[in-house]
Structures are given as C-alpha cells and as structure tokens.
Amino acid sequence: MPVLPAAWTYTPNPLWNATYLATRPFSVISFFEGAKLLEKYERGAKLQEYLLFAASLLLGALAKPSFTLVAIAVYAVVLLYRFVKSRGRNLRKSLYFGFCVLPAGFVMIYQYFGVFSGSDYVGESAGIGISPGEIWSLYSGNILLSVLLGNAFALFMLIYNRGKLKSVSWFRHAWQLWITGFLMFFFLYEKGFRANHGNFAWGYMHGMFFVFLAGLMLLICNTLDAKKKKEICGVCAGWLLYAAHLVCGVHFFLYLLAGNDPFI
C-alpha cells in the first residue's frame with residue numbers, strides 16, 4: 001500500500017465504507033443510551049432503557065463491530081473504576097449494565113475469532129500486535145498534525161467547554177470514545193496481511209464523529225446562551241472552525257461522487 005499524504009487526517013464520515021455507515025443509526029442510539037445509563041445506572045434505570053441500549057449495541061456489532069469494540073472497552077474501564085471506587089457496593093447495578101453488553105460481546109467474539117487467531121490464508125500468524133504509531137505512520141507523515149487538523153473543531157470545543165465535561169454526560173462520553181479509539185489505533189494492529197489495512201482506525205473515526213456531534217450540540221447551546229463579548233467571540237470561532245470542516249467535507253464528498261479513490 002502506498003504511503004498517503006503527509007497530513008492524512010481521517011474523517012468522522014468515511015463515506016466510501018458502506019459497513020461503517022450501516023452502523024451509524026445503531027451507534028448513535030447506543031451512544032446516547034450508553035451515556036444516559038453511565039450517568040444513572042448506579043441509581044437505577046428502567047428495563048426499557050437497558051433493552052434499547054442492548055439492542056442497539058447488538059445491531060451495531062452485527063453491522064460492523066468497530067464502534068462496539070471501542071464502546072465496550074470504555075464501559076469496561078468505567079464500570080471497573082466505579083466498582084473499585086464504591087468498594088463493590090454497586091455490584092448488582094454493574095451486572096445489570098454488563099448483561100446489556102453480553103449479546104454484542106458474544107457476536108464480536110464470533111466475528112473476531114477467525115481474524116485474531118490461527119493463521120491467515122498466506123500462512124502468517126494472525127492476532128493483535130502492539131507497535132506505537134507504526135501503522136498510522138503509513139498513512140500520515142505527521143500524526144500530531146493529522147490529529148490537530150482532523151479534530152480542530154472538536155478540540156476547540158473541548159477547551160472552550162472543558163468545565164462541562166463533568167456535568168454533561170454525552171459530552172464526556174464522546175471524549176471517552178475518542179480517547180479509546182485513538183489509543184487503539186495508535187498502539188494496535190492486526191497481524192498478517194491485514195496489518196497495513198489500519199483497521200483499528202474505524203474505531204477512531206467513530207470517536208471523531210461523536211466528538212464532532214457533541215461539539216456541535218454544545219456550540220448551538222453556546223450560541224443561544226451567548227451574551228458577553230467573550231462568549232460571542234468564542235461562539236464565532238467555533239462556527240468558523242466548524243464551517244472550515246464542513247467545506248472540506250463537502251469537497252471530499254464531491255471528490256468521491258466523481259468516482260475518485262478516497263486513498264489517492
């Protein structure tokens with residue numbers, strides 16, 4: 001595979017991949033239901049909330065497991081942290097949450113078992129390898145620049161609204177997904193002939209989508225609430241950055257619509 005442009009940024013909307021797009025409706029439901037349950041599961045949640053969350057997570061895994069892989073990793077870390085913090089007092093509520101993840105988890109085990117075990121068709125050992133930045137560097141000559149360019153709007157909204165990370169569950173959950181997806185893509189790769197495919201990037205792009213979505217939702221709220229000059233300037237900066245991403249996205253969409261290869 002040829003080395004791609006130095007600032008290959010990735011995108012929240014990889015429109016060339018049908019299976020990624022197929023997960024979108026399910027991942028959006030899972031995102032908001034997951035954020036809501038993470039906020040309240042220790043206090044108690046309704047059965048229908050758990051069922052909707054479990055169903056959306058399962059259907060998303062059946063479409064393409066990339067979002068579910070990242071999401072389950074986030075849930076595992078958060079539940080373990082809170083379990084330890086509560087000294088085991090939230091065990092029953094943690095199990096309720098965990099049971100919702102099991103159906104999607106079993107599907108992922110089935111899907112990934114053949115990919116991450118044994119050998120591939122050319123006889124190379126399959127599995128997951130660890131090599132910080134090696135696979136990403138095949139697609140970008142400057143990973144830091146790629147992250148900054150690809151997430152400029154989302155990063156600005158994170159800094160501007162950093163005080164809301166604690167109080168706004170879906171804003172916090174979006175960045176949990178982004179960080180997890182980023183770490184997976186940066187450190188992990190599939191052994192064998194798929195190594196250069198960079199398939200862990202799909203989880204990172206899911207994370208990008210949700211930090212953009214959360215950032216846009218907060219930007220609308222900031223716009224409606226802006227009164228002081230400093231707030232108005234911050235809102236204008238946010239909209240300018242979002243517009244820049246939007247223009248690039250429309251240009252890329254037209255490029256794809258013309259039948260061009262997204263990797264050239």
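Me: At 10% relative accessibility, does F212 count as buried or exposed?
Reply: This is a predicted model, so read the number as computed. The cut-off for buried is under 20% relative accessible area. F212 comes in at 10%, so the call is buried.

Me: And what is the relative accessible area of F153?
Reply: F153 is buried too, going by the under 20% cut-off. Its relative accessible area is 0%.

Me: How many aromatic pairs are there?
Reply: Ring centres have to lie within 6.5 Å for a pair to count. With that rule, the tally is 31.

Me: How far apart in sequence are the parts that the F153 and F212 pair ties together?
Reply: These two rings sit 5.7 Å centre to centre with 45° between the planes, which makes the pair tilted. F153 belongs to helix 7 (residues 152-160), while F212 is in helix 9 (residues 201-225). So the pair links parts separated by 59 residues.

Me: Is the W178 and F182 pair stacked or tilted?
Reply: W178 is buried, at 9% relative accessibility. It and F182 are four residues apart in helix 8 (residues 169-187), about one helical turn. Their ring centres are 5.3 Å apart with planes at 10°, and under 30 degrees counts as stacked, so this pair is stacked.

Me: Which residue lies over the face of W202?
Reply: R24 lies over the face of F209, 3.6 Å from the ring centre. For W202, the distance to the ring centre is 4.8 Å, and the residue over its face is K64.

Key. Residues numbered from 1 in each chain as written. Predicted model: local features only at pLDDT ≥ 70, side-chain atom pairs only at ≥ 80, totals over all residues. Heavy atoms only, no water. Phe/Tyr/Trp six-rings, centres within 6.5 Å; stacked < 30°, edge-to-face > 60°. Helix = DSSP H or I, 4+ residues; strand = E, 2+ residues; numbered from the N terminus. Buried < 20%, exposed > 50% of the residue type's maximum accessible area, 1.4 Å probe, protein only. Lys NZ or Arg CZ within 6 Å of the ring centre and 35° of its normal.
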